[in-house]
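Please keep the sequence and the structure at hand while reading.

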Amino acid sequence: MTAQFLYGGAGLILFVLGLWSFLVHAPLLRKLIALNIMGGGVFHVLIAVAYRGDGVTPDPVPHALVLTGIVVAVSATALALVLGARLQDEQRQG
Amino acid sequence: MSLDLAPLLPGTIVLSSLLPGVFIFLVREENHLLRTVLNLFGAVLKLVLVGVMIWGVYLGQVFETRVQIAPGLELVLHADALSVLFVTLSTVLWLVTTVYAIGYLEHSPNRSRFFGFFSLCVSATVGVALAGNLLTFVIFYEILTLATYPLVAHRGTPEATRGAKIYLAYTLSGGLLLLVGAVWLRTLTGPVDFVAGGVLRGMPADMHRELVAIFALLLAGLGVKAALVPLHGWLPQSMVAPAPVSSLLHAVAVVKAGAFGILRVVFDVYGVEFSSELGLLAVLAALASFTIIYGSLMALTQDGLKKRLAYSTVSQVSYIALGAALLGPIATVGGMVHLVHQGIMKITLFFCAGNYAETLGVHNVSQMDGVGRRMPLTTLAFSVGALGMIGIPPIAGFVSKWYLGLGGVEAQQYWVLLVLGASTLLNAGYFLPILYRAWFRPLPNEWPHEHHFGTRFETMGALLWPPVITAAFCLVAGLFAAAPFSPLEWAQLIARREYGL
Amino acid sequence: MSQPALLLAFDIVLLTTLLALALAAVLSPEPRRAVMLFIAFGLWLSLVWARLHAPDVALAEAAIGAGLGGALMLAAARRAARAAQRGTARRADDGAR
Amino acid sequence: MTEPADWARSDRARERARDLSLLLAVLLALLGVVLLAVYFLALNGGAAPRLAELALARVPQSGVGNPVTAVLVNYRAYDTLVELAVLLAAVLGIWSQRPAPPGFQRSSAVLAGMVSWVVPLLIVTSGYMLWVGGYAPGGAFQAGALLGAAGVIVRLAGDPTAGLPGEAVQRWLLVLGVLMFALVGLALMLLGAGFLTYPPKLAKWLILLIESAATIAIGTALAAAYVGGRPSAKGQGPSAGEASAAPSSSSLGPRP
Amino acid sequence: MYSNLLTDPLVLCITLPLLGAALTTALPRHAVPLGILAALATCSAAVTLGVDVWQHGALRLVLGGWEPELAIGLRADGLAVALALMANLVALGISVYASGYFRDPERMRAFWPLWLLLWAALNGLFLAGDLFNLYVMLELLGITAAALGALTGSREAVSANLRYLLVGLLGSISYLLGVALLYTAHGTLDLGLVARAIAANDRLFAVDAAALVLMVSGLALKAALFPLHFWLPPAHANAPAPVSAALSALVVKASVYLIIRLWLDLFAPITGLAAAMFLALLGAAAVVWGSWRALRAERLKLLAAYSTVAQIGYLFLFLPLLAVTPPGPPRDNLLAALVLMALTHGFAKSGFFLAAGLVQTNAGHDRIDDLGGTAQRLPATTFAIALAGSALIGLPPSGSFIGKWLLMQGAIESGQWWWVIVVTTGSLLASAYVFRVLSRAFGLEPTPLKFVTDARAEVPALLLSLVAVALLGLASGPLWTLLALRAGGGA
């Protein structure tokens, strides 16, 4: 329970930290890092909830959710980066 | 007519102009013939259907189309005596106006668009007339606004666009007030249909304040279209529209829909006696009287012929409201019958004004010297309409004024006679000089913009015969006021039902 | 020190490092450095998840989240740096003229 | 909510942005505290084993030994199908934006030499990962990620296509996961078992089929995402798909 | 086990567009016919689903044959089916329009698979019965929407849609944290089971409330509820016309649907009047502000986009009324009116955008002040704009007229008369912005010879607008029957 709370709590702090950074930093890359850290925080909460002590098999359902979430996050990041690059190209030409 | 078709008839009457209207939009611009056929087909079909309906109502048949939109919200089209009065008026005048418009718009652009909206406009008017409850009324009332907007804007000139915008601003705001009033009323009463004698009499006393507020909202909403002062500002502005549209606006559709709505609310929602108890009639009477005088005064100062007619409409339509505002069957008859009489007289005047403008380029009263000798038939029709408006017997207008006056006496509101008298003097003041100029002043050397149509008459047939026919109506309605099926007879029928006599 | 306490201390060190890496990544204004820190954060995160008996997710995070995501961001950071460099160079050119 | 502090130019604006971000920090710290409290409450009052016991109990019937894989491709296979669609969407979105940018300059012989044995190793490991995912940590995602990583290394080593085949083939590889997943699911539905309801006897093999397809699709998608643009006909490896991909080159090249 | 034909359409609604997307990706040269085929197939699946639900009541399907808490459930009740039907019909119209819209073959190829994926995500969202599955669907929707919105590649489009993408990600992460909290507290992800757990366990009120706030604010961001709407106008205004139509009419609507779903189904025991009032106030601000900005907009598509902000606002005005109305016909009326307005807006706004797109391609721009000639040359298009516009204003006989009528009725009945003022103000502003456009169509241009100029583009726009105006306004009764089909009732 302590470990669950500790790890999950760290996840929540990551979420808030990422949110703050997303709101105050303008550059695309920083926003993306912030979003990924937020996402990492939420995943962290899920992994912590799945954890049931060292001798016990953890809950596989949150693990699967996080796996899915990771792929989704990287897809979105990739698309955002290309859009940003496109914008940069336009700016350079314009 | 078999019984099971009866529920379809009111809906069919609305559709008989709506569907041709929709097809007219699709007609290619240069296909003059098909468009004309569609137009006349719709108009004649509707006339036949209305004839069937009059006969049925006379025999005591009930015609009602009910469509459920949603639970508790019903679209009701119902033919009672009052709706038959208005439906007949608009159907007959639509046929005449269609013929006139076909002639008037010869060679002008965007005819498919014009006639499409023209048909929608009449469908909406008929819907307003047949509406069996407030929801249905509001629906068609708003559709009427939408369908007339393109007609007002039709010419496409900056003034037309501006006039249309003003028209829209007034009518849409009014429509919104009407809507709020209708919704509010609905929360108090639940779903109710129009019933002769009203439906609100039994409401508990603690709701009376709310009912007064609702009446104010409804009246404001209807007053815009009925051009009650101070809500009349759009009417003179929308004079930029082509003459058939002006005729439609003033005599058949828009203004009349407003006045008709006031009749409906006073007689079939609140009930005339209950309205009187609430003190609403006094307010309405004051507003109507003020509008009558104000409109006439404004008409006096106008040089533009159509503008003068427009202010005359402001004044004359309020006779209808005045009739509704006086407690007693005789005044009611006066108001109801004026609904028809004002329509046929005013449409005659507008047709004639259009003829002067089209044939001679005459737009102003000051240019009208001697038009009577150049265009005798038109000017004759114009004279009939104008004298009727003043209230000279035996023309229709006299009948209305007579009943209104009697009604005032019956209600012991003697000031009504004063209002009528003043109005008559003012009517004479702005119409007689026109007649004098037209008949007795010498012809000018040159007309502003003369146009020869190559017919043996003074102008094109399609333009000439409609005003002549409607002028004849004015005379017939006055001369044979006591005949069966005359407007007066119907109005008396309505009044009897309303007062339960 | 008892074993649970030791474990707790271990956990706290793990998490403190994680949070520090995240904070550093978030606060770094220089793109390349920020991305490097982010990759480090992701790798550390997968370490933490391995500690929580989530080896599947840890693998995926290391390979996809930190690895590929990091590689993508790194490329973007490099491009941004190049663009900035070119920008300053052009400005320098303009100045020289 | 404030808009992101954007593009503050003047000093005063910067100062204001700083104040704002501090304020925001305080507010968000409060949010954090609330979230922590709520989380504590949820952990203590919550339905403790959650789905763990049930999920673990059903693993033997799922056709795989690894519980996480069981969740991914069996209990919650539908999520995974959609997730593959997300990956596909991202790649398509990237392709819609621009043609692939040129790679980096050719690398040294040392790197090339290294690539020549690292990449096969990655591919073999990927296959192993896929196979082992049935009963131990690993599975389609990890395997796909390794394939993608191989692509990244190839591109870093100087091949701008990241070792991917030509456009036509690449398109098929990309959709392989979604296609296989959906077709197997629908076939099961048509056969009467229900959408993505594996009959226990076939479960293992169907899952392996789906996972293999998913691995290839994920690997291709990740590598394609790293390439960062529509594959161009020129400079492509001598793949079979090149000829059929040619018509697409009509509107390629940098836009004016 | 035998095939349950009844629930097959439920699956097909989602898998058919996915298959279509896969095939159009793999065979780009046949993208148009394949895409149209997939569109038709998907739409028929949705219609079949509608018929099934109509006949047999709400449907529920647990995938994989596992226990409901372990597996993912799909469900189709009246609310879901109503929105799904609207979305599929609109999407079919958009597909037909799009098949002739893109001139550049490369863009055409990029459009179809993304569009079908978006469609799949929409259907998936409407029919989902699982909290995490909803998250994945939301992400699929957000990514495809942003990618499609940026399809033109213009600077404005890319930057607006990049912002949209980031904002959408923020929203979904917030939503996901809510889901994580709910899973922590209640140990399941199935919508129905979580709802039951929330109702049963009031000790966890704080957790549920926090989850509600996180999820609803994440979704409100995606739904562009004032003041979180800032990203919407540029993103919707700069996308290609068929995409704008889909974004405004459908994508935003999906988030609103989720909010309503969560609010009324999942969190019903803990949502109070105060919270509802707060959202409704934001909605009211959206109505006024969105309409005002639409009135001031210089470009036609920007006007339409701001109008979306306003129209979304109306939907939130229902929440406090629903909060104080006990179950019974008045509440059914309110719910139906809410859905009716959402549906009408879906049809009307898509029609509006499609027509606006045609104006734009014909005129080469969409500056409202210079549109006169074009609008007059294309009577059918202008007509579609007029029809859609009157539905946006809420004029009869459009569905939104009935919706507004019932909204005002509910407001007066529950004593919250101030919403009437909001509705009337919004309607007035809406008429001002709609007629600001329409008045340009009456000029001195030469008369158009035909009503319809470009059938493939104009007919979908006209039909969609017509549905909004005539069908939904005059025959909305079936909606009440449909909405009465709740989960638990029926099969």
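Among contacts in chain A between residues at least 6 apart in sequence, what percentage join residues at least 24 apart? The share is 51%. This value, like every other in the report, was computed from a predicted model.

**Chain A**

Chain A contains three helices and zero strands. Its pattern, read along the sequence, is accordingly written α-α-α. The C-alpha trace of chain A spans about 60 × 25 × 15 Å along its principal axes. The radius of gyration of chain A is 17 Å, whereas a compact globule of 94 residues would have a value near 12 Å. Of the 94 residues in chain A, 80% count as buried.

**Contacts between chains**

Six pairs of chains are in contact, and of these, chains D and E share the most contacts. Other pairs do not touch. No contact joins chain A and chain B, and their closest C-alpha atoms are 40 Å apart. Chain C and chain E likewise have no contact, with 15 Å between their nearest C-alpha atoms.

Where chain E meets chain D, 58 residues of chain E are in contact with 56 residues of chain D. On the chain E side, two or more residues come from each of helix H1 (8-26), helix H4 (105-127), helix H5 (131-149), helix H6 (155-186) and helix H8 (205-223). The largest share, nine residues, is given by H5(E).

Chain E also touches chain B, in a contact that takes 33 residues from chain E and 39 residues from chain B. Here the elements of chain E that each supply at least two residues are helix H13 (329-363), helix H15 (379-393), helix H16 (399-413), helix H17 (418-438) and helix H19 (477-483). The table sets out the two sides of chain E by residue class.

| Side of chain E | Nonpolar | Polar | Charged |
|---|---|---|---|
| Touching chain B | 20 residues | eleven residues | two residues |

**A residue of chain E**

E:Leu85 belongs to helix H3 (residues 78-99) of chain E. When its neighbours within four places in sequence are left aside, E:Leu85 is in contact with E:Ala46 and E:Gly50. E:Ser44 is 41 residues away from E:Leu85 in sequence, and the C-alpha atoms of the two lie 9.8 Å apart in space.

**A hairpin in chain B**

In chain B, strand S1 (residues 63-70) runs antiparallel to S2(B), and seven bridges join the two. One pair of bridge partners is B:Val67 and B:Leu75, the latter in S2(B). S1(B) and S2(B) form a hairpin with two residues between them. In the turn, B:Gly72 has a positive phi of about 85°. Strand S2 (residues 73-79) of chain B is mostly covered, as five of its seven residues are buried.

**The domains of chain D**

Which domains does the assignment give for chain D? They are domain 1 (11-46) and domain 2 (59-233). The centres of domain 1 and domain 2 of chain D, taken over C-alpha atoms, are separated by 39 Å.

Conventions. Residues are numbered from 1 along each chain as its sequence is written. Chains are lettered from A and ligands numbered from 1 in the order in which they are written. This is a predicted model: local features need pLDDT of at least 70, side-chain atom pairs count only at pLDDT 80 or more; totals for chains, interfaces and linings use all residues. Two residues are in contact if their C-beta atoms, placed from the backbone, lie within 7 Å. Helices (H or I, at least four residues) and strands (E, at least two) are DSSP runs, numbered from the N terminus. A residue is buried if 20 or more other C-beta atoms lie within 10 Å of its own, exposed if 12 or fewer, and partly exposed in between; C-beta atoms are placed from the backbone. Two strands pair if DSSP finds at least two bridges between them. Domain bounds come from an automatic or database domain assignment. Ala, Val, Leu, Ile, Met, Phe, Trp, Tyr, Cys and Pro count as nonpolar, Asp, Glu, Lys and Arg as charged, and the others, Gly among them, as polar. The radius of gyration is taken over C-alpha atoms; the globule rule is 2.2 Å times the number of residues to the power 0.38.
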